[in-house]
Amino acid sequence: MLDRASLTRLPANIHLPRFDTARLRPGILHLGCGNFHRAHQVVATQAAIAAEGEGGLRWGIASATMRRPELSHQLARQDNLYSLLTREPHGTVVSVMGAIAEALFAGDERADLPSRLADPETRIVTLTVTASGYYLTADGRLNADAGDIRADLRRGMPRTALGILAAGLGRVRAQGGVPPVILSCDNVAHNGGTLAQAVMDFASMGGDERLAGWIAENVRFPDTMVDRIVPATTPQDIEDARHALGGVEDAIPVPAEPWFQWVIGEFDGPRPRWEAHGAQFTNDVATFERAKLQMLNGAHMLLAYIGALAGLPTIAEAATDRALGRIAARFMREEQNAGVAFAPDDITRYADALMERFRNPAIVHQAERIGRNGSAKMAARVLAPMRANIEAGRPTTGATLLIAGWIRWFALHEQDALDLAVADPHADTLRRICAEARHDHRAQAEAFLAMEDVFGSPLPHHERQVAAIAGMLRRLTDESVPDVLRDIAR
């Protein structure tokens with residue numbers, strides 16, 4: 001098993017931590033210890049610790065899983081070590097990650113995450129809880145009707161990220177301490193400011209307006225932009241890790257693409273030297289964030305929803321398909337660039353780089369996984385540029401196709417005809433809409449677009465957009481999807 005004792009037995013070509021992992025002290029609390037965190041923030045923090053030397057040992061990560069205690073238990077069994085499989089197009093680079101000092105489970109009251117946040121040694125809190133973990137309405141405020149939020153307001157020990165942050169900051173305030181800097185690393189528009197508002201909303205809902213005001217005045221929530229494709233771990237990844245590690249077993253390796261990007265809003269105070277792994281600190285995160293949310297994430301959604309309907313279950317297969325690949329590239333260059341403050345040549349270069357990344361055959365990124373929680377992603381990634389394009393009189397063919405494909409997923413799921421699991425915070429409502437209007441595409445489109453907590457206020461020329469989406473939905477239902485794509489790609 002991969003643990004500290006096994007490190008001396010690993011092959012010479014394995015990249016190892018350049019510090020004593022047993023001496024790490026937690027200076028970072030992380031909420032959401034999934035694959036992305038372990039292929040992104042952990043990697044940058046490991047490089048930062050090594051770059052700082054002895055002083056860097058204060059930047060160990062106390063990383064908490066929010067819903068899966070099994071992962072925290074397995075990390076503990078492996079001395080919090082695991083392998084990162086960087087999937088180059090023509091080979092794999094294997095590194096052992098050792099920047100996690102402690103693995104926790106948010107549902108274990110003994111972990112007491114609010115107290116860990118309030119510990120004076122905790123200077124940074126990071127989050128990767130996905131967009132659905134923020135429980136936001138379409139206008140970016142905390143959804144007071146969300147069941148998990150209501151439950152947290154009643155609990156003595158919160159379970160949601162927002163509840164943990166509010167409770168921990170309440171303890172910092174009570175102690176007269178200095179609050180940590182809180183960095184959202186999720187694909188949420190203006191994630192720092194959005195998270196700050198959600199935490200303040202939570203405090204207010206709990207009846208503590210003074211805490212909400214104190215958070216507004218004293219806690220920094222810099223915006224960030226993160227980017228790396230990190231698929232789910234497969235049995236093949238586990239086998240590849242065992243082979244690369246010379247027979248040493250690693251139950252929790254993480255595959256990832258070579259690309260890494262982390263753009264962070266400038267802030268004062270102590271922090272790891274994340275620049276050692278290419279992180280950028282800037283006062284203009286918004287430009288990078290908008291390009292990524294719209295061009296990369298929006299195109300990802302298109303490839304996932306439409307690719308699956310066309311019998312292309314992975315992003316690489318969908319992007320490599322001649323028709324769908326052309327549609328996705330055009331979607332990025334001509335629709336999803338709305339409001340992105342890049343020069344035209346930079347737009348083209350970025351779109352080309354994204355398509356090259358999407359086509360990487362070594363990255364098996366399932367459409368099912370990318371398609372999760374679409375209702376929490378739709379407003380920022382698709383509707384914002386679509387709205388701007390409609391107002392400017394520009395075509396929205398790609399956005400219309402994407403939304404129709406998303407509706408089609410739920411229509412097929414409602415009929416038990418979709419070979420994919422559908423995970424979405426509005427899944428029950430969306431399936432019900434499809435059941436009630438099973439053969440009426442316009443009614444389905446009308447009902448979906450009427451959900452303002454997903455789509456926001458009505459689109460310009462609303463009836464025209466309903467008709468366009470209904471027409472595309474009809475084509476995806478009645479015609480061969482590959483034929484539809486070849487027609488659109490002309």
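The model is a predicted one, and residues are counted from 1 along the chain.

Helix α6 covers residues 161-175 and helix α7 covers residues 191-205, and their axes come within 9 Å of each other. The crossing angle is roughly 70°. Angles from 65 to 115 degrees count as roughly perpendicular, so that is the label for α6 and α7. On the α6 side, the residues that meet α7 are Leu162, Gly163, Leu165, Ala166 and Leu169. Helix α7 answers with Leu195, Ala198, Val199 and Phe202. Sorted by class, this contact has 8 nonpolar residues, 1 polar residue and no charged ones.

Another crossing involves α16 (residues 397-414) and α18 (residues 441-449), whose axes come within 11 Å. Here the angle is roughly 110°, and α16 and α18 are therefore roughly perpendicular too. Trp406, Ile407, Phe410 and Ala411 of α16 touch Gln444, Ala445 and Phe448 of α18. The class count for α16 with α18 comes to 6 nonpolar, 1 polar and no charged residues.

Trp406 also turns up in the surroundings of methionine 378, a residue of helix α15, which spans residues 374-391. Methionine 378 has a relative accessibility of 0%, so it counts as buried; the cut-off for that word is under 20%. Leaving aside residues up to four places away in sequence, methionine 378 touches Met301, Leu383, Leu402, Ile403, Trp406, Val454 and Phe455. Leucine 485 sits 107 residues from methionine 378 along the chain, and the C-alpha atoms of the two are separated by 22 Å.

Helix α3 (residues 69-77) has buried residues as well, namely Pro69, Leu71, Ser72, Gln74 and Leu75. What lies over them? The cover for the buried residues of α3 includes α1 (35-39), β2 (60-65), β3 and β5 (100-105). After α3 comes aspartate 79, which has a positive phi near 55°.

The structure has 4 cavities of 30 Å³ or more, and the largest cavity holds about 60 Å³ of space. Its lining is made of Asp186, Asn187, Val188, Asn191, Thr224, Met225, Val226, Glu289, Lys292 and Leu293. Strand β8 (224-227) and helix α10 (285-309) each put at least two residues into the lining of the largest cavity.

Helix α2 (41-52) and the strands β3 (82-88) and β4 (91-97) each supply at least two of the lining residues of the second largest pocket. Strand β3 has come up already, as part of the cover over α3. By class, the lining of the second largest pocket splits into 10 nonpolar, 5 polar and 2 charged residues.

Note on methods:
Predicted model: local features only at pLDDT ≥ 70, side-chain atom pairs only at ≥ 80, totals over all residues. Heavy atoms only, no water. Axes fitted to C-alpha atoms, helices over the stretch in contact; angles between N-to-C directions. Helix = DSSP H or I, 4+ residues; strand = E, 2+ residues; numbered from the N terminus. Parallel < 35°, antiparallel > 145°, perpendicular 65-115°, else oblique. Contact = heavy atoms within 4.5 Å. Nonpolar A, V, L, I, M, F, W, Y, C, P; charged D, E, K, R; others polar. Buried < 20%, exposed > 50% of the residue type's maximum accessible area, 1.4 Å probe, protein only. 1 Å grid on protein atoms, 1.4 Å probe; cavity = no way out; pocket = protein on both sides within 12 Å on 5 of 7 lines; lining within 4 Å. Points joined across faces, edges and corners; volume = space filled by probe spheres on them.
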